[in-house]
Amino acid sequence: MANFTDAQDREWKVFIDILTVKKLRQHDLDVLNMFEGQMEVFESIIGDPIRLVDTLWLVCEDQVKERGMDETGFAKALYGDALLSAAEALVEGVCDFFPDPKRRATLRAVLRKSREASEILLDRAMAQVEAIDVEQMAQALESEYTEKSGEQPDTSE
């Protein structure tokens with residue numbers, strides 16, 4: 001069973017069963033189709049922090065209530081690394097749901113490759129940011145500002 005720890009060091013279990021899937025579908029969150037096609041559903045849930053927390057709330061709702069908490073308290077503890085951990089636990093929980101071990105292995109392989117590709121893209125983006133010459137950027141912005149301010153009509157008499 002997948003689990004995650006929120007920003008308040010509380011541990012949550014992510015268990016996806018038939019009843020959880022039905023509850024999620026009532027809220028237009030069809031986690032069983034997360035990995036279909038171009039993974040649009042995956043991106044719509046994992047890539048949107050609000051939708052992700054809504055999904056996690058529905059998955060963990062019974063645990064939240066057992067702890068005497070509400071949705072607000074749960075959501076406030078999901079940010080940064082805790083939110084990343086929760087997203088990974090959700091994906092693992094969905095993979096664990098499927099009864100066919102080959103399907104689970106295939107889904108995990110797809111996710112692993114997706115993460116690797118994402119890491120490569122993020123590394124490339126960081127390299128491009130690091131390569132920016134801030135002095136040259138400042139000069140270009142200053143030049144652009146000077147040109148624009150010079151085009152404005154003189155309103156002083």
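## Overall form and one residue of a predicted chain

Whereas a compact globule of 157 residues would have a radius of gyration near 15 Å, the chain has 23 Å, a quantity taken over C-alpha atoms, with the globule rule being 2.2 Å times the number of residues to the power 0.38. The model is predicted, so that local features need pLDDT of at least 70 and side-chain atom pairs count only at pLDDT 80 or more, while totals for chains, interfaces and linings use all residues. Residues are numbered from 1 along each chain as its sequence is written, and side-chain values use heavy atoms, with hydrogens and water left out.

The chain holds 7 helices and 2 strands, in the order β-β-α-α-α-α-α-α-α from the N terminus; these are DSSP runs numbered from the N terminus, helices being H or I of at least four residues and strands E of at least two.

| Property of the chain | Value |
|---|---|
| Span of the C-alpha trace along the principal axes | about 75 × 40 × 30 Å |
| Distance between the mean positions of the 18 positive and 33 negative charges (Lys and Arg positive, Asp and Glu negative; His and the chain ends not counted; placed at NZ of Lys, CZ of Arg, CG of Asp or CD of Glu) | 14 Å |

Of the 157 residues, 29% count as buried, that is, under 20% relative accessible area with a 1.4 Å probe and protein chains only. Among contacts (heavy atoms within 4.5 Å) with a separation of 6 or more, residues 24 or more positions apart account for 60%.

Gln63 lies in helix 3, residues 49-66, and counts as buried because its relative accessible area is 18%. Leaving aside residues up to four places away in sequence, Gln63 touches Trp12 and Lys13.

Methods: Buried < 20%, exposed > 50% of the residue type's maximum accessible area, 1.4 Å probe, protein only.
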